[in-house]
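User: I would like a close look at one part of this model, with the cut-offs behind each term stated once.

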Amino acid sequence: MSDNPDLSLPAKAPSMARYHDEPMTLHPAALYTLVDLTDAELGDLERKCEAGCIDTGSEPGTSVRLAPRPRFVGQPLRAVFDYHLELGTQNTFEPRYFIAAVEKDWRAKGVILVTLDDDELDCNVDSFRIKAVDAGLSVVNLQIGNSSWDEEKDGYEFHPDNGDGGDDDDDDDTNNDDNDDGPPAPTKNVPLGYYIPIYIHSSLSEDEVTANLEPAFKKKSPEDFACRVQAKLTPASSASDTTSTQDLIQQAAALHPLRCAKNPYLHKTYILVIDTADPVENGMLMVKLPSWDASRRSGTTEKTDLRRVGEELALAASQHIRIPYSCHDGLQTRFLILANGDADWPSEDVRAQPVFVVFQYNTHGKELGFGANSVDPGAAKRKPGEERLVYAPQVVKRPGHGLEKIAWNYDEAVRRFPWFCREKRFVEGLDRTFFICVDGDDVATMGVLLVRRKWDGNVWGRTRDELLGLPVDGVKDVRVPVKEALVLLEKGGKGEIDGMSEGLRGFFL
C-alpha cells in the first residue's frame, strides 16, 4: 500500500444541485479513513473530530459520526467521494461535507475536510487539511452559516510539514527605540498588511482580549497575532458612561502616534477601544481617527513632538461605532471590512435610517433571506453595514447549551422579537417596535405581514429568559404588498400616516 494516498477529486459534483432548494439540516458529518485504523483508533479519531462541538454543548455523535462504511483502506479519496454522494441521499448524514483520515499519524498530520458544494453553490469540489480537533466545529460553522468555506480554509488549513522558518524578515530600523511603553515592536508585518491596535479598559486581561478577538487564535504563535493590545486605559472615577467613553477614546488617540512610531505596521486610522469592564454585554468601539502625518518615526522625531500630535488627535473629533466584542461578528464582519476598504465608513444618513427584523417561515425550503430584494429593492447594491433588513436565523448558538434550531411561525416571531432585538443590539437604527414576517413563498401575490409589538425596548443587561417571558401585549398586524412594506414602515414609524388606509392608520396608531 502506498504511503501517499491519491487525494485527487473531481472538480464538480453536479448531483449536489438537488440540495440547493432543500431546507437546511444539521446532520452529522460522515467520517472515513483511507488508512488501516483499529476500531479503538477510529473511536479516538471520531471523539477528537467532535471535541470542539462537545465543548459548545452538542451531544456526542450529533456533529461527527463514523459513516456506515468508514473504511476505504488503500483506496483513493475518490472512492469515498463516490460513496458519500450516495450516502447523502439517505438524509442521515451531512451531504455537502465529509472528513477523512489519510495518514496513520492523524494527530500530527491532521485530516482532510472535503466540500462537494462550496460557497458559490455551483457544485464545486474542494478540500483542505485541518487538525482533527477543529474538523467537526468547522463543519457546524459552515452548516449554520457562521462562516464561509473560504474563511474556514483561510483560518484552519493545516500545513504539518511547513517549517515556517521566517528567515526573510525585514528588520525594523527602529529597534533601538528606548520607548519602553506599549508592547514590543515586531520585526515584520503580518499577512493582513497591518496590525490591529487595541486599547482596553484597565480591568481587562490583555491575553483574554487577544484570545477572544484574534482570528484562528489557537492555530497561531504569538508573533503571528494581528491583534495587538497597545495599552490599558483607566477611566476617570467620577465620569458618566458617556463621558467615560469619550475619555478613553481621547486617551487612546493621544497614545496612538507614539505606538505607531514604535510599531510602524499598526493601522494608523482605525483602532479598537474596549471602553467597559463587560465588553460581552456592551461591545467595543471601532474608532476612526482624523487624518494625521504618520510618516514621522521615533529616532528622527522627538517623543515630545509625537505627544503633541497625539494631543491634537485627542482634541479633534473622532468618529466611532459600537460593534460586538467577538472575532466574527465584530472584528471580521465590521472592523476588517471597513479597515480594508471593502465598505465605506457609515455616513450619518446611513446610521440614521431604520433597520427592520425579518422572520421567514412557510417558504418551503427557500434560502434564508428570501424576499429581501422585493422588500428592499436597493438591497443588492448596499455594502456591508448598510443593510435595511436583518433576517432571524433558523439556528442560534446558546452559551452552555450548544445549537438551538428554531421552528419559526407567527407566534414564535412575536414571542422572540424582544430577545432577537437584544441579540442584534449593536445594529444601529434597529427598530424595536415593528418587524416583518415573510410567511409564504409567493410574496409577489400574498405580500408580507407587518407586525407591531409593544414592549419597553430595553435590550441592555437583560437575560434571554427574561425577554422571552415578557407579557405579549399590544400586538397588531397588517398584510401589505411586498414592495410597499419598507416605505410604509418608514413613514408609519415617524407618524406620517396621512393618506394611508384606515387599516394602516389603525396599525400605526
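Which residue in β15 is the bridge partner of V355?

Analyst: In β15, V355 has L430 as its bridge partner. The model is predicted, with local features requiring pLDDT of at least 70 and side-chain atom pairs counted only at pLDDT 80 or more, while totals for chains, interfaces and linings use all residues. Residues are numbered from 1 along each chain as its sequence is written, and side-chain values use heavy atoms, with hydrogens and water left out.

The strand names follow DSSP: strands are E runs of at least two residues, helices are H or I runs of at least four, and both are numbered from the N terminus. Strand β11 (residues 355–360) runs parallel to β15 (residues 430–438), and five bridges join them. F359 stands opposite C437 of β15. Two strands count as paired if DSSP finds at least two bridges between them. With β16, β15 pairs in the antiparallel sense, over four bridges. Here F435 faces V451 of β16.

These pairings belong to an open sheet of five strands in the order β12-β11-β15-β16-β17, with mixed pairing. β12 (389–391) and β17 (473–480) are the edge strands, each pairing on one side only. On average, neighbouring strands of this sheet are turned by 30° against each other, direction ignored. Helix α13 packs on the sheet and touches β11, β12, β15, β16 (448–454) and β17, and its direction makes about 150° with that of β15. Helix α16 (residues 485–493) lies across β11, β12, β15, β16 and β17 and runs at about 25° to β16. Contact here means heavy atoms within 4.5 Å. The axes behind such angles are lines fitted to C-alpha atoms, for helices over the stretch in contact, and the angles run from 0 to 180 degrees between N-to-C directions.

β15 is mostly covered, with seven of its nine residues buried. Buried means under 20% relative accessible area, exposed means over 50%, and partly exposed lies in between, with a 1.4 Å probe and protein chains only.

E412 lies in α13 (residues 410–423). E412 counts as buried because its relative accessibility is 19%. Not counting residues up to four places away in sequence, E412 touches I406 and A407.

The nonpolar cores come next. Such a core is a set of buried Ala, Val, Leu, Ile, Met, Phe, Trp, Tyr and Cys residues joined through side-chain atoms within 4.5 Å. The largest has 45 residues, and I196, I198 and L272 have the most contacts inside it. A second, separate core of 25 residues includes V357, W408, V451 and L468. V451 is also the β16 residue opposite F435. In soluble globular proteins, nonpolar side chains tend to be buried together.

Leaving aside neighbours within four places in sequence, I198 is in contact with V209, L213, C227, R228, V229, Q230, A231, L272 and I274.

To return to the request, L430 is the residue of β15 that bridges to V355, and the two strands β11 and β15 run parallel.
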